[in-house]
Amino acid sequence: MGWTPLPLVTVAAALVMTGVPRAAGLPTGKGGPPHTQTRAELSELWVEPEPGRDLFYGVGGKKLAPNPLTKYVVLNVKKGGFSNGYTVRDLDGREWSAKLYPEARTEVVASRLLWGLGYHQPPIYTVEEWPADGANGENPQPVARFREKQPNFHGLMEDEPWSYADNPFVGSRPLAGLLVLQVMLTNADLKPAQNMRYTLSEPSEGASRWYVARDLGQSFGRSGLVSALRDDIEAYDQTKFIIGVNSGIVEFEYYGLHVGLLKDITTEDVRWISLRLAKLTDKQWLDAFRAGGYADRTAERYIRRMKIKIAEGLALGS
């Protein structure tokens, strides 16, 4: 393709940092005492992923992907939120949440990246064109993110939303790293309603309960209160990541209602997630964007900007 991946700053010794110590200075929520989580406890949010996860099909694999050739019937029209969408049922009786542009592509890519780093994600997919009875406009319908209500995946079931400010992982490195990753993605939509706790009838990825950062569509643009952009490579290219460090606390170019979540993010938190991002292969990066339906040239621009941010994060330890 004529694309040379951007070199990353590498610190070989730092790659042995596989532990998940408590992020400095962070309490456990609701004023509780500090708590160092065990790996078993952390596995409800994050696990060390096996190398080479398939970021094209994601956690559900090809077998759980929707059939773009089947007919869909609209059950409900989405009300509220930024992107339009539907609840639909296919001819096999599977019920889906279908979210349309501009968040259809970005949500799938962001989800793939989170899962590639070890954060739990439900099976979601991009469908480019699909026919639906009862939908607005003429068929086929435009690109959408499809997420099945009850996928055939270890009995995965929605439980209830959860908050970044009050959960069992506050003070942990993986939660701090997840927040840094949201900054890198420019996702400012961090309200509790965007997260979902799931239960599983049989354990998967080390846990029978998952805390999932979900609805990641406000990504790959620019953060903001009212002017946040999604799926905008020009805005994404121009948005800074780290703007300063003060006594070990990192300052970001980031705007939104939940900016207070970042007030105690340390240089080690940023390095922790940057090291893990740096381990993704070039194939995994491209597969994640192809899963969202991006052309390679556009994907390469997004990837290059992400790798610049990763290099900034790694440089904090030099």
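Predicted model: local features only at pLDDT ≥ 70, side-chain atom pairs only at ≥ 80, totals over all residues.
**Entry 1: the six-stranded sheet**

I traced the strand order first. The sheet is open and its six strands run S4-S6-S3-S2-S1-S5. The pairing is mixed. I then looked for the edges. Strand S4 (124-127) and strand S5 (132-133) stand there. Each has a single partner strand, so one side of each lacks a neighbour in the sheet.

Next I checked one pair inside this order. Strand S1 (residues 72-77) and strand S2 (residues 85-90) are antiparallel, joined over five bridges. I noted that Val-73 stands opposite Arg-89 in S2.

I turned to its helix partner. Helix H2 (residues 104-117) packs with H6 at an angle of about 145°, and the axes are 7 Å apart. I recorded the crossing of H2 past H6 as right-handed. From H2, the contact takes in Val-108, Val-109, Arg-112 and Leu-113. From H6, I listed Trp-285, Ala-288, Phe-289 and Ala-291. By class, the residues of this contact are seven nonpolar, no polar and one charged.

**Entry 2: the three-stranded sheet**

I moved to the other open sheet. Its three strands have the order S7-S8-S9, and the pairing is antiparallel. Strand S7 (157-160) and strand S9 (207-213) are the edge strands. Each has a single partner strand, so one side of each is without a neighbour in the sheet. I noted an average twist of 35° from one strand to the next.

How many bridges join S7 to S8? I counted three between S7 and strand S8 (residues 195-204), running antiparallel. Glu-160 stands opposite Arg-197 in S8.

**Entry 3: helix H7**

I checked the length of helix H7 (residues 296-315) against expectation. At 1.5 Å a residue, its 20 residues should span 28 Å. The end C-alpha atoms are 28 Å apart, so the two agree.

I then went through burial. The buried residues of H7 include Ala-299, Tyr-302, Ile-303, Met-306, Ile-310 and Leu-314. Charged side chains are on the list too, among them Glu-300, Arg-305, Lys-307 and Lys-309. Where do the buried residues of H7 pack? I found them against helix H3 (173-185), helix H4 (233-238), strand S10 (242-246), helix H5 (267-278) and helix H6 (282-291).

How values were computed: Residues numbered from 1 in each chain as written. Heavy atoms only, no water. Pairing = 2+ DSSP bridges. Helix = DSSP H or I, 4+ residues; strand = E, 2+ residues; numbered from the N terminus. Axes fitted to C-alpha atoms, helices over the stretch in contact; angles between N-to-C directions. Expected span 1.5 Å × (residues − 1). Buried < 20%, exposed > 50% of the residue type's maximum accessible area, 1.4 Å probe, protein only. Contact = heavy atoms within 4.5 Å. Left-handed = near helix turned anticlockwise from the far one by under 90°.
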